[in-house]
Amino acid sequence: MSIVKRNSLFFPSLMNDLARPDWFGGMENLNTNLPAVNIKNNTENFELELSVPGGNKDDFKVEVDNDVLTISTEVKTEDKEIKENYSRKEFSFSSFKRAFTLPETVDGTKIDAAYENGILRLTLPKKEEALPRPKRLITIG
């Protein structure tokens, strides 16, 4: 005979299953701590756009090491208020780290970054040999 634990709370379990983010599929591993990223492949470069509102350009650290682009931030804030009857201390900490393997076509020495209106935008120029070549007409002799 084995011991079986039964959960008599059917309704809360059902509600948790219905309210899970993967109810419609594909979002079970959704991590809200990581910023959303758009990657655009243009003819001359790649563009990465990270949605990180409320930041400051000095908060971000962008590095390239062995063809791996790493974008990270660590922000700590503390608010302290002391009055005669009470004291209040609030603090918050937020951080993220994203890493992207650069393709061989990217020139890692010329990467440019800018932060404006909550969007961190990185421009990754392609190497000269990776750029598309114009058509040329070949004459038949």
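## About the model

This is a predicted model, in which local features need pLDDT of at least 70 and side-chain atom pairs count only at pLDDT 80 or more, while totals for chains, interfaces and linings use all residues. Residues are numbered from 1 along each chain as its sequence is written, and side-chain values use heavy atoms, with hydrogens and water left out.

## Strands and their pairing

Strands here are DSSP runs of E with at least two residues, numbered from the N terminus, and two of them pair if DSSP finds at least two bridges between them. Four strands form an open sheet with antiparallel pairing, in the order β1-β2-β7-β6. The edge strands, β1 (37-41) and β6 (112-116), each pair on one side only, and from one strand to the next the twist averages 15°, where axes are lines fitted to C-alpha atoms and angles run from 0 to 180 degrees between N-to-C directions. Inside this order, the antiparallel strands β2 and β7 are joined by seven bridges, and leucine 48 has leucine 122 in β7 as its bridge partner.

Strand β3, residues 60-65, pairs with β4 in the antiparallel sense over six bridges. Their hairpin has two residues between the strands, and in it asparagine 66 takes a positive phi near 55°. As background, strands of a sheet pair through backbone hydrogen bonds, either parallel or antiparallel.

## The nonpolar core

A nonpolar core is a set of buried Ala, Val, Leu, Ile, Met, Phe, Trp, Tyr and Cys residues joined through side-chain atoms within 4.5 Å; buried means under 20% relative accessible area, exposed over 50%, and partly exposed in between, with a 1.4 Å probe and protein chains only. The largest such core has 15 residues, of which Leu48, Leu50, Leu69, Ile71, Leu120, Leu122 and Leu124 touch the most other members. At least two residues of this core come from each of β2 (45-51), β4 (68-82), β5 (87-101) and β7 (119-125).

Contact means heavy atoms within 4.5 Å. Leaving aside neighbours within four places in sequence, leucine 122 is in contact with several residues, including Phe46, Leu48, Val62, Leu69, Ile71 and Ile111.

Valine 62, in strand β3, is partly exposed, with a relative accessible area of 34%. Apart from neighbours within four places in sequence, valine 62 is in contact with Leu69, Thr70, Ile71 and Leu122. Valine 62 and threonine 73 are eleven residues apart in sequence, and their C-alpha atoms are 8.9 Å apart in space.

Valine 68 belongs to strand β4 and is partly exposed, with a relative accessible area of 27%. Not counting residues up to four places away in sequence, valine 68 touches Glu63, Ala99, Phe100 and Thr101. Valine 68 and glycine 108 are 40 residues apart in sequence, yet 9.2 Å apart in space, C-alpha to C-alpha.

## Rings

Rings of Phe, Tyr and Trp (its six-membered ring) pair if their centres lie within 6.5 Å, with planes under 30 degrees apart counted as stacked, over 60 as edge-to-face and the rest as tilted. By this rule there is one aromatic pair: phenylalanine 60 and tyrosine 115 are tilted, at 5.1 Å centre to centre and 45° between the planes. Phenylalanine 60 lies in strand β3 and tyrosine 115 in strand β6, so the pair ties together parts that are 55 residues apart in sequence. Phenylalanine 60 counts as buried, at 14% relative accessibility.
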